[in-house]
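Look over the sequence and the model before reading on.

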Amino acid sequence: MVKKFHKLRIVLSIALTVCLALSLFGCYYYEEVPNSDNESSNTSQTQDSSQNGQSTDGTSDGSSSKGTTNSSAVVGTTRPGNSSTPSGAKNLSLVEKGKANCTIVIAANASAKVKAAAEDLQTYIGKITGATPAIGFDNKDRSSGNYILVGPSKYTQKIGIKTPKGYPGTEKIILKRKDNYLALLGNDDGAYTGTQFAVTAFLEELGCGWFGPDELWQVVPKLNSISVGSLDKTVTPKFNSRINNVYNNYKDFAMRWYLGGNQLMTGHGLPALVPKTTFNTHPEWFSLINGKRTNTTTWWQYCYSNEEFAKEIGRKVIEYFDKNPHAVSYPITANDGWETDWCECSECSKYPTDGDLMLTFANRVAKVVAKKYPNRTLHILSYHSTYHIPQLNTEAEPNVEIMFCREASMTSPIKNGYYKPGRNSITHNTYVRSWKDNFRGYISKTGVKNISVWEWYCLAVEYEVWKDIPWVQGKVAIENQNYWKSQGADYVFYDQGPLPVYRESGVSFPLRWPLWYVAAKGMWDSSLTGDQILSQACDKLFGNAGPAMLKYYQALATASAECKGDSICWVPPAPGEMYTSAQIKKIDATVSAAEKIKPKISSDQRKRLENQVNYWKSAKVYF
Ligand SMILES: [Zn+2]
């Protein structure tokens, strides 16, 4: 009956330990282990550092220096709101004319996460300046001299920094300069990688940027000198969980996009707990269809009203949490499918909708799990036959989470409330209100406290040509995030490439970074608009052509936001519906303007620009 089918992929692949491969390879430069604890020798450290100064691997393209001859960076002084250091205080010099002027200091008993972050910082300062500051420990006197304190240590305590702690809890990073210290640290408890994020944030301040795994899409500036003025910055993420398929498949790279946070699984998690084979011993846990219990239909379901089944799921979820101490949520969502193959038993039939049945089931499981894990959530979906606002006045248990799948146009901004009334052949749902109103109504009717969103970015699944065509959401992506956040959403799961089943892979990064990166960065930094994220990226990637390329991406994003084409869930409009002749004309104008700047940018910047423009030009055959 249904030929094409995508729907929610089972996403059970989230590793629960953070890979720290950054620390496993390469050669790092540590101070010699001191003979005694009190023999400080900053001068010799500086000398040692300069001896090691050739360790840069020459991958940088100097693009962030924008062709100027003054290749020094002063981090912090020009940023507003950072007045913790009295004005006029001397900048803290870290590298001066290609010579390291500082030591990276970590705790003598530093964790593997902190060591990896310190080594990453050392490597990148080397790439940027050619000078490699040594890594030393806090059991030496570090009173005089210039220091970058990575992770918590005696000296971060000394300058009054409280280390963010707890998992799950407050994920936070701190970049703070005080006197002769620059501190870079964050919450590293549980699955968090705050110190690494703090190092990445500092490197971004220096001009670094990561837009894809390939070297061409990683920007490392060439600088002679680095110093820090006033800097007192803390970041707590917009969303406490930031997971997508870049995170699942490119773990190390994903750290540059601040992906991670609270660990959880999404998708359809019941068969992992009660597999189909359980039918042999408990047929009553499976759907009754035409008078017979069955587990063989295409979109098989369980008998969700069966209380013993709910208890069994509760016990199994507890076992799962026992084994996965970092997991904060588990998906007890109904199996994938539509309205067919649901149980017809007298008890299940009492519920007016599948959504009502699932909420009762979730509450039962939640009560079992709460006895041991009251703060971990069990989530069900607002999706397909469980999409609509429940009809019964059932209140959600405190540890039940509703994940709202975005059954709306992929392109129209959520706040516009656009929807097409009537039955939809993809979702089999009949829409009587906008997605936004359904979302708000569902929350208000059930009083659910834990809210998340499933967003589809896998646009080539149903419509293959899109695998070669640009799609940029730009500011709309971040406005949608902010709307969800304003309604209480804890996180958004982006169902997107790079995943072969979505016809996107590692080679899709150059085409898809404006979509994937903007969403990832927006999930982390709530202070940025979509335009700001794109603008900063464009300046790094394209140098003098950055503002012109920003206009190009904005024109693409406008075509998306204004698109009137048919679209729902993971099914995009036809390319020609988004890129109409009027939109093409506007986009072409931005491309011509950007191309005129090609002679004024570096060869790497030019390669990137040509790459982006070629995607646009070759996509035109589909319009
Ligand atoms: Zn039933």
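What distance should the twelve residues of helix α10 span at 1.5 Å a residue?

## Helix α10

This is a predicted model. Helix α10 covers residues 435-446. At 1.5 Å a residue, its twelve residues should span 16 Å. The C-alpha atoms at its ends lie 16 Å apart, so expectation and model agree.

Six names make up the buried set of α10: Trp-435, Asn-438, Phe-439, Tyr-442, Ile-443 and Thr-446. Viewed down the helix axis, the buried residues fall within an arc of 130°, so they line one face of α10. The cover over these buried residues includes helix α9 (354-370) and the strands β18 (377-382), β19 (400-405) and β22 (450-456).

## The six-stranded sheet

Six strands form an open sheet in the order β5-β4-β6-β8-β7-β12, and the pairing is mixed. Its edges are β5 (135-137) and β12 (232-235), each of which pairs on one side only. From one strand to the next, the twist averages 20°.

Leu-175 has Lys-233 in β12 as its bridge partner.

## Helices on the sheet

Helix α2 (residues 112-129) packs on this sheet. It touches β4 (103-106), β5 and β6 (147-150). The directions of α2 and β4 make an angle of about 175°.

Helix α4 (residues 194-205) lies across β6, β7, β8 (181-186) and β12. Relative to β8, α4 runs at about 130°.

Key
Residues are numbered from 1 along each chain as its sequence is written. This is a predicted model: local features need pLDDT of at least 70, side-chain atom pairs count only at pLDDT 80 or more; totals for chains, interfaces and linings use all residues. Two strands pair if DSSP finds at least two bridges between them. Helices (H or I, at least four residues) and strands (E, at least two) are DSSP runs, numbered from the N terminus. Axes are lines fitted to C-alpha atoms, for helices over the stretch in contact, and angles run from 0 to 180 degrees between N-to-C directions. Two residues are in contact if their C-beta atoms, placed from the backbone, lie within 7 Å. The expected span of a helix is 1.5 Å times one less than its number of residues. A residue is buried if 20 or more other C-beta atoms lie within 10 Å of its own, exposed if 12 or fewer, and partly exposed in between; C-beta atoms are placed from the backbone. The arc is that of the directions from the helix axis to the C-beta atoms.
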